[in-house]
Amino acid sequence: MNFFQNRIGLRHAVALGAGLVASLLLTDSLSAATQRADADQVAAARQVVAGVMDQVLAALSDGKLSEDQRLHQIEAVAYANFDFETMAKLVLARNWKTFSKEERVRFVAEFKNLLARTYGSRLQRYSDEGVEVVGARGELRGDVTVQTRIVGGNFDGATVDYRMRERKAVWKAIDAVVEGVSLVSAYRTQFREVLSGGSPAELLERMSEKNSFSNVGR
Amino acid sequence: MHVRYGAVAVLAILLSLGCASAGGPKSLDADPWEPMNRKVFAFNESLDEWVIGPVSQGWNVVLPDGVQTSIKNFFDNIFMPAVFVNHVVQGQFKEAFAEDLPRFLMNTTVGWVGLFDAASTVDIDKNYTDFGVTLGRWGIPTGPYLVLPLLGSSSPRNVFGKVADAWSTPYSLWIAPWISVTIRAVELVNLRSLFSEEIEQSREESIDYYSFVRSAWTQNRRYRVLEAQGKEASPKFDDAQVDLYYIDAIIDADADETVEEYESDSEPTPVDEKQ
């Protein structure tokens with residue numbers, strides 16, 4: 001009996017130990033997930049944003065480009081440096097689930113167009129303005145916010161923060177926050193509004209109208 | 001004087017309404033006055049389409065950009081004392097004494113009564129704050145989103161703040177009403193003209209312009225208050241208090257699989273790389 005009890009005790013101890021190890025591992029990975037980005041990550045993301053700003057400024061100051069070429073060049077920079085897939089999920093949030101696979105693919109494509117042009121045609125006008133990277137800080141779960149500031153022109157002093165996330169070893173922007181206004185948040189509000197009264201198909205229809213309408217003006 | 005008492009009475013009503021509905025769900029997107037707001041918003045939009053827009057286009061034709069910028073500088077400068085006072089009341093002394101005050105003194109003198117932004121040439125930062133932000137900094141809630149005729153996005157706290165700020169700008173309440181209305185109109189048309197491309201583009205790009213404007217305004221005001229409180233001002237939640245950047249929990253595991261699968265399919269984007 002004594003022996004049996006001991007064996008149970010042993011088994012409990014083993015189970016307890018395994019449980020402890022497992023929970024330690026688990027909390028360890030959890031704390032890794034909730035950790036702020038470290039100094040290296042912050043520096044890496046900051047460098048990426050600084051490089052992108054240089055590309056945009058180069059496009060803006062290149063006198064040989066026509067307006068159209070300039071717009072395309074800035075759009076290309078946006079295409080390469082925003083993580084549209086992640087952004088599409090973020091802006092739809094809960095509604096992502098209500099989209100079929102085909103609708104998701106279409107949504108990402110439409111959203112990508114909308115956003116790249118928004119970004120391109122805005123920056124295109126800021127030819128007499130400069131941008132400087134003024135700071136960067138680590139956010140939870142490895143994201144980094146890189147802070148930039150517009151110098152000169154009508155928007156002198158305006159802050160534009162880029163939320164950077166590393167995926168597949170590449171840092172890309174998942175949000176741009178202009179004077180505290182998050183693009184992701186502003187789009188999420190609008191999509192929620194439209195989807196509360198309509199289907200994903202209707203939203204997609206509306207987006208493609210917007211996109212084709214704006215293309216005519218080019 | 002009667003007009004002023006009337007305005008105070010309206011404010012009192014607005015504030016009490018604000019407090020009454022502040023007891024509801026703690027969602028920032030709460031827009032209890034949406035039906036009314038949307039009507040006023042539509043009114044403002046048609047006013048802009050038929051009057052303010054065309055007038056500002058004419059303004060833009062007549063006045064060179066440099067003149068428009070000078071007019072904007074003038075109005076920015078005339079508001080600087082209010083910015084200074086608000087920064088002091090907020091406890092933001094560095095901004096008040098190292099930036100707002102020298103900026104105002106310099107632009108008023110060297111910058112020809114504010115027409116030229118001389119302070120920027122010597123790198124004195126340009127700040128903006130107002131009494132609505134000051135109230136927020138000390139914990140007064142903003143109240144529901146409110147669209148005012150002609151003046152646009154606001155809230156009960158902000159209406160109160162605007163009236164308070166008007167006392168510290170040298171015009172509007174101290175001079176004849178028609179002059180102050182004219183001055184405001186000039187300021188408005190000038191701004192509308194300077195930012196016409198941004199305004200038209202936002203209107204064209206948004207999927208639902210009303211909720212875009214509400215979201216942008218609300219976010220910007222929240223950011224200014226956080227800034228005045230000296231807090232880290234990166235946004236964390238959307239208007240409905242859902243996490244902005246981590247939504248794994250609300251996209252269920254099932255959907256997550258689809259996402260991964262879908263991502264690998266769609267890497268060479270199937271639609272629309274033709275431009």
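Val181(A) is buried, as 20 other C-beta atoms lie within 10 Å; a residue is called buried at 20 or more such atoms within 10 Å of its own, exposed at 12 or fewer, and partly exposed in between, with C-beta atoms placed from the backbone. This is a predicted model, where local features need pLDDT of at least 70 and side-chain atom pairs count only at pLDDT 80 or more, while totals for chains, interfaces and linings use all residues. Residues are numbered from 1 along each chain as its sequence is written, and chains are lettered from A and ligands numbered from 1 in the order in which they are written.

**Around Val181(A)**

- Val181(A) sits in strand 5 of chain A; strands (E, at least two residues) and helices (H or I, at least four) are DSSP runs numbered from the N terminus.
- Setting aside neighbours within four places in sequence, Val181(A) is in contact with Ala186(A), Ala216(B), Gln219(B) and Asn220(B); contact here means C-beta atoms, placed from the backbone, within 7 Å.
- Ala136(A) is 45 residues from Val181(A) in sequence, and their C-alpha atoms are 18 Å apart in space.

- Strand 4 of chain A (residues 170-178) is mostly covered, with seven of its nine residues buried.
- Strand 3 of chain A (residues 159-167) runs antiparallel to strand 4 of chain A, and eight bridges join them; strands pair if DSSP finds at least two bridges between them.
- Across that pairing, Arg165(A) stands opposite Lys172(A).
- Two residues separate strand 3 of chain A from strand 4 of chain A in their hairpin, and Lys168(A) in the turn has a positive phi of about 50°.
- On to strand 5 of chain A (residues 181-182): two bridges join it to strand 4 of chain A, and the two run antiparallel.
- Here Val177(A) stands opposite Ser182(A).
- This hairpin also has two residues between its strands, and Glu179(A) takes a positive phi near 50°.

**Helices of chain A**

- The axes of helix 2 (residues 39-61) and helix 3 (residues 67-81) of chain A come within 9 Å and cross at roughly 170°; axes are lines fitted to C-alpha atoms, for helices over the stretch in contact, and angles run from 0 to 180 degrees between N-to-C directions.
- Helix 4 of chain A (residues 84-92) has eight of its nine residues buried, including Phe84(A), Glu85(A) and Lys89(A).

**The nonpolar core**

- The largest nonpolar core has 54 residues, and Ala45(A), Met87(A), Ala88(A), Leu90(A), Val91(A) and Met164(A) touch the most other members; such a core is a set of buried Ala, Val, Leu, Ile, Met, Phe, Trp, Tyr and Cys residues joined through C-beta atoms within 7 Å.
- Not counting residues up to four places away in sequence, Leu90(A) touches Ile174(A), Val184(A), Leu244(B), Tyr245(B) and Ile247(B).

**Where the chains meet**

- Chain A gives 47 residues to the contact and chain B gives 44.
- On the chain B side, helix 10 of chain B has the largest share, nine residues.

Conventions
Contact = placed C-beta atoms within 7 Å.
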